[in-house]
Amino acid sequence: MRDTGEYLFTSESVSEGHPDKVADRISDTVLDAYLSADPYSRVACETLVTTNRVVLAGETRGPGSVTPELLMHLTRMAIHDIGYEQDGFHWQNADIACHLHAQSAHIAQGVDATGNKDEGAGDQGIMFGYACRETPDLMPAPLYYAHLILRRVAEMRRAGDVGVAGLLPDAKSQVTLRYVDGKPVGATSIVVSTQHVEGLEQADIKRLLRPIVESSLPKGWMCPDSEFYVNPTGTFIIGGPDGDCGLTGRKIIVDTYGGAAPHGGGAFSGKDPTKVDRSAAYAARYVAKNVVASGIADKCTIQVSYAIGVSKPLSVYFDLHGTGKDVDEAKLAKVMDGLVNLSPRGIREHLHLNRPIYAVTSAYGHFGRTPDAEKGTFTWERTDIADEIRRAFNR
């Protein structure tokens, strides 16, 4: 996004009950099952969900204790946790097919560490990380607030709060903010679409949602009522996988930065940390966030690239968007090289990624979340090297 002038920028989010997010949740549940049994399992799981049907497909390498029957049971538990007990998609009644098979030996030979060869990247690709000062979590504001609105609604729904009585798991949000000289100053329009029980009117849903949306935004940021759109089609009863097919990895912009920063194109969910699509994107966010947290810049984008089977990154690129405070980006790259090992093994070990920590990442964004030291989740959101970066630049 620009740092001068006045403009509008929009990002969207989707709830845990959106069909694509149901698929992501199931794929990450499969991954967690394997990592619980063996932290060095290999998993690339894709999920399709549609009317009362779930299909698991992909490649795995792990212990025999992770059986298709176990994975189908865990799939049902994930659907139940999201809250689907509808005629068209029910955790008890859905037909689940498991078509996972062994990982290709040709992929394994490039990734495995053997002899003097270090562990290689699971695929070629480019990954981006980003951070900025627009929110406390150093995330772009439109996406941050789009996530927050849906997360609060979901928390209330799960708690049985009468404030959202009649609302169901499938929902979407969209937040448009006005920027002045690179800083967000308020919302110009907000869209929330949510599945609901029969008999609940559009005006009723708008009345339920307005206080939640307004309290999620900074004071004075709420858009005019004429620009607050709730269920614009009027009725949203048939939803979730019954209303629309869902697939793993179709919400990669929602998962990352809401379009405010580049994305390398690779999805995250269902992939173990040897897949740099996921682990290197986490590492790039970690680096960018620590750069901004250190105070040497107000905005940071990093790109990292890899080749399949090769351990070292092929390139590391920094862009401080003109916000670096007398910081040379070439020097920053050298400083980071001494602080964070961006090889697949280095990333896994530094961020402790060989653990069953992924199901919780599948909705409301992989970034801008609060690290939980006890559970080991969102380690890439720590700012534990910010002080070292600051010292490297004599700040």
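Trainee: Let me begin with one arginine: is R278 buried or exposed?

Mentor: Keep in mind that this is a predicted model. R278 lies in helix α8. Its relative accessible area is 1%, and the cut-off for burial is under 20%. So R278 is buried.

Trainee: Which residues is R278 in contact with, leaving aside its neighbours within four places in sequence?

Mentor: R278 belongs to helix α8, but the list we want leaves out neighbours within four places in sequence. What remains is D28, L31, F268, S269, G270, K271, Y358, T361 and H366.

Trainee: Staying with helix α8, how do the axes of α8 and α10 cross, and is α8 oblique or parallel to α10?

Mentor: The two axes come within 10 Å and cross at roughly 60°. The crossing is left-handed. So the word for α8 relative to α10 is oblique.

Trainee: Which residues of α8 and α10 make that contact?

Mentor: Take the two sides in turn. α8 brings V276, S279, A280, Y282, A283 and Y286. On the α10 side, the residues are P344, I347, H350 and L351.

Trainee: Take Y145 and W221: is their pair stacked or edge-to-face?

Mentor: The ring centres are 5.7 Å apart, and the planes are at 65°. Planes over 60 degrees apart count as edge-to-face. The pair of Y145 and W221 is therefore edge-to-face.

Trainee: How many residues apart in sequence are the parts that Y145 and W221 tie together?

Mentor: Y145 lies in helix α4 (residues 141-158). W221 is in the loop between α5 (202-216) and β10 (228-230). Y145 is buried at 8% relative accessible area, and W221 is buried at 13%. The pair ties together parts whose separation in sequence is 76 residues.

Trainee: And Y282 with F367: is that pair stacked or edge-to-face?

Mentor: Their ring centres are 6.0 Å apart, with the planes at 85°. Y282 is buried with a relative accessible area of 0%, and F367 is buried at 2%. Going by the angle of the planes, the pair is edge-to-face.

Trainee: Where does F367 lie, and how many residues apart in sequence are the parts that this pair ties together?

Mentor: Y282 sits in helix α8 (residues 276-294). F367 is in the loop between α10 (344-351) and α11 (386-392). The parts that the pair ties together are apart in sequence by 85 residues.

Trainee: Which residues form one aromatic cluster with Y282 and F367?

Mentor: Both rings belong to one aromatic cluster. Alongside Y282 and F367, its members are Y130, Y257, F268, F378 and W380.

Trainee: Now a strand: how far is the C-alpha atom of F128 from that of A281?

Mentor: F128 lies in strand β7 (residues 125-132) and is buried at 16% relative accessible area. Among the residues that F128 touches are Y257, A281 and A284. F128 and A281 are 153 residues apart along the chain, and their C-alpha atoms are separated by 5.8 Å.

Trainee: Last one: is M77 buried, partly exposed or exposed?

Mentor: M77 lies in helix α2 (residues 68-82). Its relative accessibility is 33%, and buried needs under 20% while exposed needs over 50%. So M77 counts as partly exposed.

Note on methods. Residues numbered from 1 in each chain as written. Predicted model: local features only at pLDDT ≥ 70, side-chain atom pairs only at ≥ 80, totals over all residues. Heavy atoms only, no water. Phe/Tyr/Trp six-rings, centres within 6.5 Å; stacked < 30°, edge-to-face > 60°. Helix = DSSP H or I, 4+ residues; strand = E, 2+ residues; numbered from the N terminus. Buried < 20%, exposed > 50% of the residue type's maximum accessible area, 1.4 Å probe, protein only. Axes fitted to C-alpha atoms, helices over the stretch in contact; angles between N-to-C directions. Parallel < 35°, antiparallel > 145°, perpendicular 65-115°, else oblique. Left-handed = near helix turned anticlockwise from the far one by under 90°. Contact = heavy atoms within 4.5 Å.
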